[in-house]
Structures are given as C-alpha cells and as structure tokens.
Amino acid sequence: MRKRSAPAAGSWRCRPYPHLPLLIILLLGVGCGIAAAQESVPTASSYPTEGATAAATSRPTTHATLFGIGGVHQLDTYLSPLNYHGTQVQFLHETLRPTHWQEISFQSIWQADLSTAQNEAGKQNLMGGNMSYDVGWHYNWHPTTRLRLMAGPQIGGNIGFLYHSRNSNNPAQALASLRLSGSAAAIYTFRIWQKPFAARYQLDVPLAGLMFSPDYGQSYYEVFELGHQEHNLRFTSPFNAPSLRHQLTLDFPLGRRTIRVGYLGDIRQSHVNDIKHHHYSHAFVIGWVRHFNYRKHTEASSEGFIM
C-alpha cells in the first residue's frame, strides 16, 4: 500500500502547458477525419427506388461537428491524492434523425478529449485522454409549434487513460466503462430578421453500468499477469458514480452554413475499490451543422434544426 502525502496548500494559478499545442493539433486532425467520414454523401445505389413510399424516400438527418476548449479539474487517488487543474480540448460529433416510428428520433454522439494538468505546486503533471460513444432513442413532444421536448434511454461506453509524470511503480490508470443513461432535451426554434435560429439544452445522466478499476494499491502486473481480477469489474450507479453531461447550444445561419456555439459540461466521478476519481470539465464549443434530406439526391439545407 503506497503512502499518500497531503495536498499542497495554495491557490491555483494559470501556467503554461507545453503539450497543449500538440493536443490541439492531434484532436483537430482526428476530428476532421471523422467528420468527413460521417458527412460523406451516399452514392446513387444507396437511395430507394421510384416505387418506395414517401417516408422511405425522405430521411431528414442532422450532423453537428464541434470543437471545444476549456478548463478541467481532475483527481484519481490511484495515481495521486492531489487535485490537478489544467486545460482540455474536445471534439464532439452528433447525428440526429427520425426513425420509422413517427415520434421517435435516433441520436448518436461521438466524443473525444485530451487534457494536460498540473498540481497546485506546479511540479507534477497529469495527462489524460478519453473517447466515448453513445446512442439514444428519444420520444418527441411538441407542446407548441416552436418547442420540442425529447426524452428517452441512451446506451454507451468509453475508454481512456491517465498518465502521471512522477509515478514510477504505477504511472498510468486505464479508464473503461459501459453505461445505461437517461437523456432529455428541449429545442426551441425562432427567427431573428427572418433568419432561423435554434436553441437547445440536453442532459444525459448515467443510471447503471459497469466499470473497470484496480484495487487501491494493486498494480496492473497483478491484474493481468498474476490474474488477480476478483474485484476489477464493478457495478456503477448514481450512488457510487454520480455523473452527467450537459450542453447548451445555439444554431444560427452564417451565409449558406449553419454555425453552432455553446457550452459543454462533463462531470464524471466514481468511488469504487477505495479509489476516488473525478473529472470536471467546462468548455466553450463551436462548430458547424449540416442538414440533409436523403432522397433520390441529397439536399443540403440551412433551415435551422431540421427535425
């Protein structure tokens, strides 16, 4: 069992992060590649024949690609008892489309982030990365012509890592989990100077899941080489892993494009196997939105939130 020292006192101050430019370049490259693949136009053979029904020949779909940067607060007592503050860059790609059931919509969210942080004294560095993928189905209500409410289940998972620059025995921590979440959103459309705008708030809360975690003080050599894996897969719930992701965004036209700006907050925390972990991030996000109507040919539109 490793001995832990008490957290250093003192207020946190902004410091330079030499790895930040590399993280931004890497995340931009990965994000642009994924966005291009997701938004590629289908070939003619993908579309229904003339005899298909109107519902089958028209499928409105929205793709949103966002990049973000903001602050991050991290703690993982497997690596260190200290709190770390730093900067995080994020990428998020969302797809939203109707299903064959009239009031049910399908959503997928692919998210990635890279972070670099320091402790209060500025003498220890913590680097991290995470990738997650979630899919959900929402039932849609329309209380008014401008307001749409959405609620439904969401399933997803994530993999990631934390690396501590000063630890010698256990320098890294692997992150992996599966989850079942509840998801809710509200979308309000309006016009300014005859231009379409759309404001949206969405909240996703994990309700049950599984996560990997070593025991406190247990090395990865013991887990994978010696096979000591009795307690490394743990059930999670809001009681031992209260977490959430929420975003507030605004879509507006700019020329022939639709731009999205907003806030993305990600709260991940857990307390299993005597290890406390939390990851709090708050980011400003900006990107573009593309609306398609898949018929015999693809039609792009800038008319606000398409569904």
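The following exercises, each with a worked solution, concern the predicted model shown above.

Residues are numbered from 1 along each chain as its sequence is written, and side-chain values use heavy atoms, with hydrogens and water left out. Because the model is predicted, local features need pLDDT of at least 70 and side-chain atom pairs count only at pLDDT 80 or more, while totals for chains, interfaces and linings use all residues.

**Exercise 1. Overall architecture**

Task: State how many helices and strands the protein has, and what percentage of its residues count as buried.

Solution. 
1. The protein has 3 helices and 12 strands; helices (H or I, at least four residues) and strands (E, at least two) are DSSP runs, numbered from the N terminus.
2. Of the 307 residues, 45% count as buried, where buried means under 20% relative accessible area, exposed over 50%, and partly exposed in between (1.4 Å probe, protein chains only).
3. Among contacts with a separation of 6 or more, 65% come from residues 24 or more positions apart; a contact means heavy atoms within 4.5 Å.

**Exercise 2. Strand 1 and its partner**

Task: Determine in which sense strand 1 and strand 2 pair, and how they are joined.

Solution. 
1. Strand 1 and strand 2 (residues 80-98) pair in the antiparallel sense over 14 bridges; two strands pair if DSSP finds at least two bridges between them.
2. A hairpin of 3 residues joins strand 1 to strand 2.
3. Strand 1 (residues 59-76) has 13 buried residues out of 18, so it is largely enclosed by the rest of the structure.

**Exercise 3. The surroundings of Arg-200**

Task: Locate Arg-200, decide whether it is buried or exposed, and name side chains that it contacts.

Solution. 
1. Arg-200 is placed in strand 7 (residues 195-212).
2. Its relative accessible area is 4%, so Arg-200 is buried.
3. The side chain of Arg-200 makes a polar contact of 2.8 Å with that of Glu-94 and one of 3.3 Å with that of Gln-202. A polar contact is a pair of N or O atoms within 3.5 Å; within protein, one must be able to donate a hydrogen and the other to accept it, and residues adjacent in sequence count only if both atoms are side-chain atoms.
4. Arg-200 also belongs to a network of salt bridges with Glu-94, Asp-251 and Arg-260; a salt bridge is a side-chain nitrogen of Lys or Arg within 4 Å of a carboxyl oxygen of Asp or Glu.
5. Arg-260 is buried at 1% relative accessible area, and Asp-251 is buried at 1%.

**Exercise 4. Salt bridges of Arg-245**

Task: Identify which residues form salt bridges with Arg-245, and explain what each pair ties together.

Solution. 
1. Side chains of opposite charge can pair when their charged atoms come close.
2. Arg-245 forms a salt bridge with Asp-134, with the closest N and O atoms 3.6 Å apart. Arg-245 lies in strand 9 (residues 244-254) and Asp-134 in strand 4 (residues 125-141), so this pair ties together parts 111 residues apart in sequence.
3. Arg-245 also meets Asp-204 in a salt bridge at 3.2 Å, N to O. Asp-204 lies in strand 7 and Arg-245 in strand 9, so this pair ties together parts 41 residues apart in sequence.
4. Arg-245 counts as buried at 8% relative accessibility, as do Asp-134 at 1% and Asp-204 at 4%.
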